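Have the structure open as you read.

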Amino acid sequence: MANLKLSHIYKVYDNGHKAVNDFSIDIADREFIVFVGPSGCGKSTTLRMIAGLETITAGDLLIGDTRVNDMEPKDRDIAMVFQSYALYPHMTVYENMAFGLRNRKMPEKEIKERVLKAAKILDIEDYLDRKPKAMSGGQRQRVALGRALVRDPKVFLLDEPLSNLDAKLRAAMRTEITALHKSLNTTFIYVTHDQVEAMTMGTRIVVMKLGYVQQIDTPMNLYNEPYNKFVAGFIGTPQMNFFDVTLKREQDDVNVLFPNGDKVTVPYENVSKIHNHYLNGDVPVTFGIRPEHIKLNKEGRGLKFVVTNVEHLGSDSIVYGKLGDHLGEFTMKDEGKLIVVKVNEAKGVEVGDVVYAEPDPEKVHFFDAETEVTLMNKIPPYNTLEAEVDGDGMTVLGTKVALPDAFKRAIGAADRFELIIPPHAIVEGNDFELKVARIEKVDNDRLAYLENGDSYLFALVNETVKEGDTYRFSFENEKLNLNVEGKEALKAVDDEVSLMGTFFRKEIKEGHDRVLHFFYKIGDYTLETSPEQGYKINSIDGDNCYKYTYRYAINRDAVRIAEEGEAGLEGRVVDYCDYGNIRFAKVSADGQEFLIKVDPAFALDKVRVAMDSKDVSVYSTRIDMKIC
Ligand code: ADP
């Protein structure tokens, strides 16, 4: 039994191919995690790195509390089951299962106990004397499972274990493996390209594409709240329908407008997390609706289409069609006009009929046409508000508040501008009185819908904030972006200071020994780091690491003015950014500029800036990758 942690894991193969990028997940003890995605997306590579069959280029792999990146596979207490079974043909089932244990010099008595116990669980007790070739595919797969089972590992890894079996056997083995997981109480990680296997077996699923994690979630959350169009299309059969549309809000409704003039109406309340920017009828949006969330009618409600095929599957029927009222010649351009509907019964629906598709307004999905990311994020990424310059202040939400100096300088002579406010930048304060219309729990956060005319502002609030009550809020000004006439005028101060620098090592005599020490170097400032970090950088770039430039990212709260006598990066203060409640000095050092938080009274010209190496993350500039 064990929990696993993958932290910023990367795999770059020797030929330079980046197969896995920045893969992070915390896997709890006894979870059944499935990695799913199309062929080549990096599932097996990730699994093999966990097993120790493939080196980890960067990142940390922890089993329990131990970092196991450099641990031999046999010492990781992990058992792997392969698609190919990998049984020894000349050995009996018993010998195959006993083989690994004999290699470990386990006493024969205990081996026998373990093999018999596993054979019983897997129902292969009667086959122990057979050779693999005298067994069916399903039985061989059980022997392969048995060989893993006898080792009583902390973690089971399964790489497409069912893909050599026929459909019927696969379904049966799915159930058996799920039952095995329940009875063993062990962590399982299972790789498959089959979304049905993923959905039926996983407690959580990692959807991957081209080496990147797309979403990690429970099967139901993936189905109901896909993060992007790829996940939406990958999970569920038949596939979700996608259409190019625009959205136009009319009071309490949002009209979904199709290029052919058809329209579907959805209550605004169902889609209130979509940013207003998308609701003016002029921004391209992708509309997604699952085949099982559409009803058919002949009375003209919804999307008109011609039926091109009907499949009766017994329990339900699949109706295929093409938008519009005539078939014409089929061309590839029809993609985007084709529709699939799943109904209980397609009585009276014939090929050539003109019918109407009515999407369930509770089950609609919308994606940005360009980025393909959902417009209905569980936590909307940002709010926008108009601000009007009013003498020495600004009027926002009908309230006049101070105009921070940093804003004043960014907007120049403009008399109005737009504030872009992430939900975490709205905090309880003194400025704006807003009523909490609703509170929704999103994972560990509480998302508040704050009433703002006929739409909402979204904020993250703590337990003391109650639905229906009115509170005063303020903005953390340094976390906002400002636009003037649609153009970015000021960027939020991000959480990290980025500095470019180099890396070196030095042998230092300690008593009779010469010990290697490692240092980050920014300008003339050197900062000692641990041998562990040093070896991580060296393992990625070899001895070239002493020639390359790295990006050092330091948590902004950890970048400070050096104490008397403490070493630091020498720099000059070239400017100040005053946000009212927070003030930053802009420091120029080593030809680089960055902001550092200072007291209101701070007024030095020359500074030394210090940091702790434990707050520093190192990024490769050669391959875009976090090293440590
Ligand atoms: P999946 O299991 O999702 O099908 P893999 O993890 O096997 O994908 O492969 C991910 C990518 O890495 C693919 O593009 C594959 O071609 C590439 N790849 C796999 N093994 C190697 C290797 N040894 N050397 C170079 N590229 C590899």
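This is a predicted model: local features need pLDDT of at least 70, side-chain atom pairs count only at pLDDT 80 or more; totals for chains, interfaces and linings use all residues.

## Layout of the chain

## Where domain 1 meets domain 2

Let's start with the first pair. Seven residues of domain 1 make contact with eight residues of domain 2.

What about charged and polar pairings? There are zero salt bridges between domain 1 and domain 2, but two residue pairs are in polar contact, both at pLDDT 80 or more. As for the helices involved, α7 (219-224) and α8 (229-234) each bring at least two residues to the side of domain 1 that touches domain 2. Of the contributors, α7 gives the most, with three residues. Sorted by class, that side of domain 1 has four nonpolar residues, two polar ones and one charged one.

## Around the ligand

Which residues are around the ligand? The set is Tyr13, Asn15, His17, Ala19, Pro38, Ser39, Gly40, Cys41, Gly42, Lys43, Ser44 and Thr45.

Three of these have distances to ligand oxygens worth checking on screen. Cys41 uses its backbone: one of its backbone N or O atoms lies 3.0 Å from an oxygen atom of the ligand. Lys43 uses its side chain, with a polar atom 3.0 Å from a ligand oxygen. For Thr45, a side-chain N or O atom is 2.5 Å from an oxygen atom of the ligand.

## A salt bridge across the sequence

Side chains of opposite charge can pair up when their charged atoms come close. The structure holds 41 salt bridges. One of them joins Lys378 and Glu225, whose closest N and O atoms are 3.5 Å apart. Lys378 is in the loop between β20 (365-368) and β21 (383-390), while Glu225 is in the loop between α7 and α8, so this pair ties together parts that are 153 residues apart in sequence.

Most peptide bonds are trans, and most residues other than glycine have a negative phi. Two spots here go the other way. Thr237 and Pro238 are joined by a cis peptide bond, with omega at about -15°. You'll find Pro238 in the loop between α8 and β11 (241-250).

The other spot is Arg30, a residue other than glycine with a positive phi, near 75°. Look for Arg30 in the loop between β2 (18-27) and β3 (32-36).

How values were computed
Residues are numbered from 1 along each chain as its sequence is written. Side-chain values use heavy atoms; hydrogens and water are left out. Contact means heavy atoms within 4.5 Å. A salt bridge is a side-chain nitrogen of Lys or Arg within 4 Å of a carboxyl oxygen of Asp or Glu. A polar contact is a pair of N or O atoms within 3.5 Å; within protein, one must be able to donate a hydrogen and the other to accept it, and residues adjacent in sequence count only if both atoms are side-chain atoms. Helices (H or I, at least four residues) and strands (E, at least two) are DSSP runs, numbered from the N terminus. Ala, Val, Leu, Ile, Met, Phe, Trp, Tyr, Cys and Pro count as nonpolar, Asp, Glu, Lys and Arg as charged, and the others, Gly among them, as polar. A residue is near a molecule or strand if one of its heavy atoms lies within 4 Å of it.
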